[in-house]
Amino acid sequence: MVETTSQEEFALADTQARGAGGVQSVDRAFELLELVADAGGEATLSQLAEASGLPQPTIHRLLRALILGGYIRQQPSRRYSLGPRLIRLGETAGKVLGASARPHLTQLRDLTGETSNMAVLDGDQVVYVAQVLSPHAMRMFTEIGERVDLHCTAVGKAVLASLSPAETDRILSRITMSPRTIHTITDAAVLREEIEFIREQGYAVDDGEQEIGVRCFAVAIPNAHTPAALSVSGPQARVAGLDMDIIIPLLQETAARLGRDLSAAN
């Protein structure tokens, strides 16, 4: 299919997308954005057609409207990628989400004495959207907005375990499991085994896998529209002294309350 990029065609496609199907067109446009994100931020027209089950002409029309709005970009390679307009939306949404999570994280920090965090899946990584720091002088310095890998962090592994096996496999097929420390899992088969164990036990652990001397516990947030996790982290020597019979139920209860709050707000 020959594709041109004139503003007149963009405007025509936008008009067609608005008029043909109304709400259905909007739903399909959002679905395409999600599919591009699930593919790692870039996808071809044929990949989107296969994943969505929609006819290519319909996808092409919707993509034109999204390109016009700045939500999708067409690369020289003819692949479609997420557009710059989404950055502002994502940053604003992250701030709102972080504000909703902060009271829960504050309570978690007060009860554990350690830094509490919330992270959400963003492409093939997780990004921290909220944090309440430990009162201790020696503490973690992960910052809001920082992106970390899935395979070597407790929040990342908790998120992977919350996904369907098919979704997990798609992500694992794309990521590079680089060693961050001598403890990092770099074998996909080993990570799959750990993910299954996390699904059974209900929590994930990072024991010096991202950074030597750091220990972290994390659980997935149920009912979150975007896969997300809560964690408690700190120096290994100090976190090792926390009572697992207390800390894990506390994390799970906090995640459940936050999940209910987020669901009620939508």
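1. Which residue in strand 3 is the bridge partner of Glu42? The partner is Ser81. This is a predicted model, and the pairing belongs to an open sheet of three strands, which has the order 1-3-2 and antiparallel pairing. Strand 1 and strand 3 (residues 80-82) are joined in the antiparallel sense over two bridges. Strand 1 and strand 2 (72-74) are the edge strands, since each pairs on one side only.

2. The loop between helix 2 (23-38) and strand 1 (42-43) holds Ala39. Ala39 and Asp124 are 85 residues apart in sequence, yet their C-alpha atoms are 8.9 Å apart in space.

3. The largest nonpolar core has 26 residues. Leu105, Met118, Ile221, Leu230, Leu251 and Leu258 are the members that touch the most others. At least two residues of this core come from each of helix 5 (85-112), strand 4, strand 5 (125-132), strand 8 (214-220), strand 9 (228-235) and helix 10 (244-264). Helix 10 gives the most, with seven residues. Another core, of 25 residues, lies apart from this one and includes Leu160, Ala161, Ile175 and Ile195. As a general point, nonpolar side chains in soluble globular proteins tend to be buried together.

4. Two residues may be examined in more detail. Ile221, leaving aside its neighbours within four places in sequence, is in contact with Met118, Ala228, Ala229, Leu230, Ala255, Leu258 and Gly259. Ser116 is found in strand 4 (residues 115-122) and counts as buried because its relative accessibility is 0%. The side chain of Ser116 reaches the backbone oxygen of Leu105 at 2.7 Å. With neighbours within four places in sequence left aside, the contacts of Ser116 include Leu105, Thr106, Ala130 and Ser231.

5. Helix 10 has 21 residues, which at 1.5 Å a residue should span 30 Å; its end C-alpha atoms are 30 Å apart, so the two values agree. The buried residues of helix 10 are Ile247, Ile248, Leu250, Leu251, Thr254, Ala255, Leu258, Gly259 and Leu262. These residues lie on the same side of helix 10 because they cover an arc of only 165° around the axis. They pack against helix 5, strand 4, strand 8 and strand 9. On the other side of helix 10, the residues Asp245, Ile246, Arg260 and Ala264 are exposed. The N-terminal end of helix 10 is capped by Asp243, with a side-chain oxygen 2.9 Å from the backbone nitrogen of Asp245.

6. Helix 8 (residues 188-201) can be read in a similar manner. Its 14 residues should span 20 Å at 1.5 Å a residue, and its end C-alpha atoms are 20 Å apart, which agrees. Leu191, Ile195 and Ile198 are the buried residues of helix 8. Because they cover an arc of only 60° around the axis, they are on the same side of helix 8. An α-helix has 3.6 residues a turn, so residues three or four places apart point the same way. Among the elements covering the buried residues of helix 8 are helix 6 (154-162), helix 7 (165-174) and strand 7 (204-207). Glu193 and Glu200 are exposed on the other side of helix 8.

7. Both ends of helix 8 deserve a remark. At its start, a side-chain oxygen of Asp187 reaches to within 2.8 Å of the backbone nitrogen of Ala189. Helix 8 is followed by Gly202, whose phi is positive, near 90°.

Notes
Residues are numbered from 1 along each chain as its sequence is written. This is a predicted model: local features need pLDDT of at least 70, side-chain atom pairs count only at pLDDT 80 or more; totals for chains, interfaces and linings use all residues. Side-chain values use heavy atoms; hydrogens and water are left out. Helices (H or I, at least four residues) and strands (E, at least two) are DSSP runs, numbered from the N terminus. Buried means under 20% relative accessible area, exposed over 50%, partly exposed in between (1.4 Å probe, protein chains only). A polar contact is a pair of N or O atoms within 3.5 Å; within protein, one must be able to donate a hydrogen and the other to accept it, and residues adjacent in sequence count only if both atoms are side-chain atoms. Contact means heavy atoms within 4.5 Å. A nonpolar core is a set of buried Ala, Val, Leu, Ile, Met, Phe, Trp, Tyr and Cys residues joined through side-chain atoms within 4.5 Å. The expected span of a helix is 1.5 Å times one less than its number of residues. The arc is that of the directions from the helix axis to the C-beta atoms. Two strands pair if DSSP finds at least two bridges between them.
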